[in-house]
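Please read these notes with the model open.

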Amino acid sequence: MAEIKSVQITSDKNICEVLWKDGHESRFHARWLRYNCKCNKCKPPFSGVYTVDELQLPEVLNISEAHISRDGTELRASYDGDYLPEHESRHRASWLRAKCYCAGCLETKINQRDVISRYLKNNNRKMREIPTMDYQEIADDSNQGLFKLVNNLVEIGFCRIKKVPSESGMVLKVARKIGCIESTSYGEMFQVYARDSENAAYTNQKLPFHQDQQTHECSPGVQLLHAIRFDDCVTGGESLFADLYEAIEILRKESPQHFKTLTEVPVLYDTVDLDGISPRFFECQKYHIHLDYFGKIVEVNWHLGFNAAPQVHEKDVDRYYAAHRALLKIIRRPEMQYRFKMDCGDLIIFNNRRMLHAREAYEANGGIRHLQGTYIKLDEMKSKYVTLAHQLNISVVPPKVGNRSSF
Ligand SMILES: [Fe+2]
Ligand SMILES: [Zn+2]
Ligand SMILES: [Zn+2]
């Protein structure tokens with residue numbers, strides 16, 4: 001429990017210095033405190049309403065006074081020229097300590113949230129075991145089972161669920177246990193089986209490692225694939241997974257210059273068909289490796305199939321291709337791969353913004369391989385993880401999931 005020992009205002013009246021009982025020191029700017037006041041007038045109980053009127057406050061905001069409430073659990077501060085008469089901003093000590101933005105606290109928070117780096121550092125992935133659960137564990141809407149599933153998604157990036165009833169639409173039922181469906185131009189649910197199609201996924205061809213829908217600004221968050229038919233006579237068709245974050249960490253270690261290039265020179269993805277049966281025009285320029293304000297990798301992108309002609313400055317072309325080639329070599333290393341063949345009833349669920357997936361070519365030999373798939377948003381998955389943990393009294397930190405943000 002955070003307790004404040006003393007507070008003082010700097011001579012320029014811009015900063016409130018808080019000394020905590022455990023010796024930690026925080027510095028809060030006048031404007032930061034005033035805008036984040038938690039009193040009833042400034043922070044009504046319903047969400048989404050912003051009531052602090054910034055423009056009614058002076059251009060230069062000075063703290064006139066700061067003190068601790070009698071029981072020591074709240075910081076109160078008043079400001080010269082505040083538009084609310086007799087107003088004191090109020091901040092619970094526990095909230096204030098959690099939001100401290102000193103360099104040390106920020107670094108701790110960012111590292112705690114980075115579950116992906118932590119997992120890669122602490123786990124020997126040489127065995128490439130497939131995290132696997134049984135449908136029974138989530139069938140009865142048990143929060144424990146669901147939390148285990150979402151935890152696998154957050155930490156490892158994917159999970160296989162065995163013995164899901166081989167009925168059409170079960171993939172939607174499982175998805176909705178985590179969050180609402182993210183519909184695409186293929187509808188709420190897509191059908192993966194070999195047919196006459198211009199989409200390679202809907203043939204029996206080999207699919208190289210990729211993330212779905214890279215031609216979109218925001219590709220789908222979590223993907224689910226359920227094998228409702230996978231006949232024994234079908235040869236090939238194995239599923240492959242690789243963690244793109246892991247590949248990129250290896251690149252960073254082995255070739256820091258290539259790593260840097262992929263954070264600086266963007267790839268262009270596109271898919272264009274103006275005269276086809278379903279005309280489309282999608283394009284998006286993005287970085288293979290996106291770093292945030294803190295220098296953390298917060299988004300990764302890869303799909304050879306939709307690589308368009310790069311539109312970058314002349315000086316960057318060669319270094320881009322060299323870096324791209326270096327990362328591809330790492331992704332292709334056999335030791336990077338999780339490899340298995342789905343059984344009928346298997347459902348695989350994975351973070352599409354983190355994991356690469358691929359498929360070996362197959363021969364139907366008179367049988368059928370039929371998967372049904374759908375997507376859910378990454379934010380829904382993160383929300384489910386935090387709220388389930390709360391309900392189950394499990395202490396977790398909101399995790400980095402790959403949605404271009406450490407927070
Ligand atoms: Fe795919
Ligand atoms: Zn207030
Ligand atoms: Zn701090």
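Is Val-60 buried or exposed?

1. Val-60 is exposed, because 12 other C-beta atoms lie within 10 Å. With C-beta atoms placed from the backbone, 20 or more others within 10 Å means buried, 12 or fewer exposed, and anything in between partly exposed. Val-60 sits in the loop between α1 (30-35) and β4 (63-68).

2. This is a predicted model, in which local features need pLDDT of at least 70 and side-chain atom pairs count only at pLDDT 80 or more, while totals for chains, interfaces and linings use all residues. Residues are numbered from 1 along each chain as its sequence is written, and chains are lettered from A and ligands numbered from 1 in the order in which they are written.

3. Helix α6 (residues 143-155) and helix α11 (residues 378-391) have axes that come within 9 Å and cross at roughly 135 degrees. Therefore α6 is oblique to α11. Angles under 35 degrees count as roughly parallel, over 145 as roughly antiparallel, 65 to 115 as roughly perpendicular and the rest as oblique. Residues making the contact include Leu-146 and Phe-147 of α6 and Tyr-385 and Leu-388 of α11. The contact residues divide into nine nonpolar, three polar and one charged.

4. Helix α8 (residues 244-254) packs against helix α10 (residues 317-331) at about 125 degrees, with the axes 9 Å apart. That angle makes α8 oblique to α10. Ala-247, Ile-250 and Leu-251 of α8 meet Ala-326, Leu-327, Ile-330 and Ile-331 of α10. By class, this contact has seven nonpolar, no polar and no charged residues.

Key: Axes are lines fitted to C-alpha atoms, for helices over the stretch in contact, and angles run from 0 to 180 degrees between N-to-C directions. Helices (H or I, at least four residues) and strands (E, at least two) are DSSP runs, numbered from the N terminus. Two residues are in contact if their C-beta atoms, placed from the backbone, lie within 7 Å. Ala, Val, Leu, Ile, Met, Phe, Trp, Tyr, Cys and Pro count as nonpolar, Asp, Glu, Lys and Arg as charged, and the others, Gly among them, as polar.
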